[in-house]
Amino acid sequence: MPELPETATISHDVMALAGGRRVLRAGVFRRDVTNVEPEDFPKNLVGKRLEGTGRRGKIIVLDFGDVVGLIHLVISGRVLRLPEWTESDHTNTAVLEFEDGPVLSFAKLWLGYFHLYKPDEVDGHPLISRLGPEPFSEEFTVEYLRKTFGRKANIKGLLLDQSVFAGLGNIYVDEVLFAAKVHPTRKSNTLDEREVEAVHAASRDILARAIELRGTTFDSYHDAFGESGGYQNELKVFARTREPCPVCGTEITKIRVAGRGTHVCPNCQPTRV
Ligand SMILES: [Zn+2]
């Protein structure tokens, strides 16, 4: 599932492939993939120049000047380069062809979307409006986390909540909590100052490293060049059930927390402190 590093990588790749180019053709397969009538999708995009790309949480932002594409890949969505124009279908759910340039397919968006918004309406998008601070923003401070953790929620559930801060998903939450030596079932208000600081630092360090390595390829994720990411080689606990903990050698166990498969070293991450 694309999380922050994968979304950042794809967004960067789309700019590298199509930045500054105009849209020649556009199509969308199903009404539920976008927020406009399917026939209005090309009307809104053809002739527009891709001026920039970015990311809000796990949403890819494509800036076409007076219209903005907001893309959520959700579970297994990908951005693919196609050799030539292809009508959108159940695989290539939304397709854009750029002048003198690539045909990009926003593929398998079954549970995701490619919405078109006016630039001044982006902040009101249902998913963007409730996003918490970006992990690399100035608002994301130790103080902010300490205040948020005062809610007495389950720490893993809280970190998965995009309104707390934007961009962490199941893979990176497990890695952050392992690095911070915090058990995922802990109540957030029981974390001491050192642990809050550790969660803050690990969130930034791990996400920065994963962006540098162009994401984690665990199942379906590939960048827009079709290449795998590199962070899967640095995962310490995620998907390492029954392997020895890289710190202490204890067997990594898999439990269920906040409805998600969760990987933990029972020695490094004690349930009580
Ligand atoms: Zn350990």
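Good morning. Residues are numbered from 1 along each chain as its sequence is written. Because the model is predicted, local features need pLDDT of at least 70, side-chain atom pairs count only at pLDDT 80 or more, and totals for chains, interfaces and linings use all residues, while side-chain values use heavy atoms, with hydrogens and water left out.

I begin with the overall division. The chain is split into domain 1 (4-124) and domain 2 (142-264), with bounds that come from an automatic or database domain assignment. Taken over C-alpha atoms, the centres of domain 1 and domain 2 are 29 Å apart. Their contact, meaning heavy atoms within 4.5 Å, takes 16 residues from domain 1 and 19 residues from domain 2.

Let me turn to the first sheet. Helices (H or I, at least four residues) and strands (E, at least two) are DSSP runs, numbered from the N terminus. Two strands count as paired if DSSP finds at least two bridges between them. Four strands form an open sheet in the order 2-3-4-8, with antiparallel pairing. Strand 2 (52-56) and strand 8 (113-117) stand at the edges, each with a single partner strand, so one side of each has no neighbour in the sheet. From one strand to the next, the twist averages 25 degrees; here axes are lines fitted to C-alpha atoms, for helices over the stretch in contact, and angles run from 0 to 180 degrees between N-to-C directions.

Strand 2 is joined to strand 3 (residues 59-63) by five bridges, and the two run antiparallel. Within this pairing, T53 has L62 of strand 3 as its bridge partner. Helix 1 (residues 4-18) packs on the sheet and touches strand 2 and strand 3, its direction making about 170 degrees with that of strand 2.

There is also an open sheet of four strands in the order 1-6-7-5, again with antiparallel pairing. Strand 1 (23-28) and strand 5 are its edge strands, each pairing on one side only. In this sheet the twist averages 15 degrees from one strand to the next. Four bridges link strand 6 (residues 94-98) with strand 7 (residues 103-107), which run antiparallel, and A94 stands opposite F106 in strand 7.

What, then, lies between the two domains? Domain 1 and domain 2 bury about 1500 Å² between them, 61% of it on carbon and sulfur atoms; buried area is the accessible area (1.4 Å probe) that two parts lose on being put together, summed over both. One salt bridge, defined as a side-chain nitrogen of Lys or Arg within 4 Å of a carboxyl oxygen of Asp or Glu, is found across this interface. The side chains of R214 and D13 meet in a salt bridge at 2.8 Å, N to O. On the side of domain 1 that touches domain 2, helix 1 and strand 5 (78-82) each supply at least two residues. The largest share of that side, nine residues, comes from helix 1.

The structure as a whole holds 17 salt bridges. One of them joins the side chains of D40 and K43, at 3.4 Å from N to O. D40 and K43 are separated by about one helical turn because they lie three residues apart in helix 2 (residues 40-45).

I close with a hairpin. Strand 9 (residues 253-257) and strand 10 (residues 260-264) run antiparallel and are joined by five bridges. V257 has R260 of strand 10 as its bridge partner. Two residues lie between the strands of this hairpin, where A258 takes a positive phi near 55 degrees.
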